[in-house]
Amino acid sequence: MLGVSLSRKAMPSGDDGLVGGVTRVVEDRKMRERIVRWGLACLVLASIVPQAGAAASEPVEAVRYVIVVTGGELLSGAYADGHTHFLTRTLYPLGLRCVGSMCIDDKRDDLEEALRFATGKAPLVIVTGGLGPTDNDVTREAISEFTGIALAEHPELIQRMARRFGVAPEQLRANLRRQTQTPVGGSYLDNATGTAAGLIFESDRRVIVALPGPPGELQPMVRDKLIPYLSRRFGTRLPGRSLMLRFVGLGQSEIDQRIKEHVTLDPDITTGSQFQGGRVDFTFTLPDDTPREKERLDALRQKIVAHLGEYIYADDETSLEQHVVNLLRARGTTLALAEVGSGGTVAAALNGAEGAGDAVLGAYVAPTMERLHHLLDVHDANWAWSASGGDAVERLAAAAARAAASQWAVAVGPLQEDGFVEVAFRRPTGAVENERLAFRGAGELARSRFVTHLLDRLRRKVQQSAEPR
């Protein structure tokens, strides 16, 4: 079943507006049958406008574009579509207006049908996903066939790929060489964090841009490469001055409400927000990048920090994991981890931060408390998990601190039937604090939320500590 979501607040009028567009789609039986065959899980035909301190005026000659998000995992509900939110939030202040976004399966026929529809709506189409090395990554070939623009291996990308994998170009596997193909008519966008370059299929009438699916690759590519290209091609604005504040421990709507209650935003400030796994990013953007705009955003930062400072962990791209590692290193302290219910996810998250090797001295993971007890070689006659879960987790925290010769230690007990986990935080003084943290649900999202909650509790404790270097 096709689902259409309409926003009255963002609904334009006139023949080119949402109402006319949807009416045409519904009345066009042939197009409707095609959409049903695609098995689309979502089709949002709307002008997606970010939140603003006051009603932001639409650019006089906004560039219209459509987003096509590929991925069967999105249609099955395994992951949420975050690309539409990021792209619309990022591109709207620059003079680009999204007139449609759709999610489709990883099938060539579906993508070609989506491209036929999208290119009829706008001169710019942005496709995400499907540029990897596997057989179901069909975006590159599907767009090439649709546009009639051939693909060819790019010599520079072949050399980069060879250097990345430490082999001679002729020794690259076929699936890796496939990622070096770029449009003969068009160009490509460098990928600073992955192997799949962004692709630009360009003609006089339209542009189709293909971006990699992983957010860690797509988002830097959009900010650093796509935006300058769009400015050259369509005359859109370059980014002005922006302020990002990263929050944890407070929901998106609550943050928004508190800002409205305590801070007056000037009409020319455009705001956007993005949330994932219990973390919320708010971005405040001014149209120009001048010293005066910097002063205004600095003043805005101070006002927001005065009311919400305890929930802010960064005012740049620093991750929560990196922030915790930075706190430990700044205080000259270290951390040991002992995990049961979290299955090593806390250690895995922290180990991705720069300098984690200096701060995280040991991580011990086992599927049960008893196995972790033996792994840490705890010789305790009073060991009795069944009698006192909190005491047992405290002992594991102390044992992890001893084993790793670390000042701080965190021990995570098993997942309990009520959806909570016993967690022990051991301070450098030897004092231990027990907390019950929620671990509800299953899968990556539940683990992400738990890690966020635990790291938030840890960063508060480390931040409040006064241990000397």
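Helices (H or I, at least four residues) and strands (E, at least two) are DSSP runs that are numbered from the N terminus. The structure is a predicted model, in which local features need pLDDT of at least 70 and side-chain atom pairs count only at pLDDT 80 or more, while totals for chains, interfaces and linings use all residues. Residues are numbered from 1 along each chain as its sequence is written, and side-chain values use heavy atoms, with hydrogens and water left out.

**Exercise 1.** Identify the element that gives the most to the largest nonpolar core, and follow Phe450.

Solution. A nonpolar core is a set of buried Ala, Val, Leu, Ile, Met, Phe, Trp, Tyr and Cys residues joined through side-chain atoms within 4.5 Å. The largest one has 32 residues, and Phe450 is one of those that touch the most other members. Elements giving two or more residues include β16 (408-415), β17 (420-426) and α17 (444-464), and α17 gives the most, with seven residues. Leaving aside neighbours within four places in sequence, the contacts of Phe450 (heavy atoms within 4.5 Å) include Val346, Val412, Val423 and Phe439.

**Exercise 2.** Locate Glu317 and decide whether Glu317 is buried, partly exposed or exposed.

Solution. Glu317 lies in the loop between β13 and α12. Glu317 is partly exposed, because its relative accessible area is 48%.

Definitions and conventions
Buried means under 20% relative accessible area, exposed over 50%, partly exposed in between (1.4 Å probe, protein chains only).
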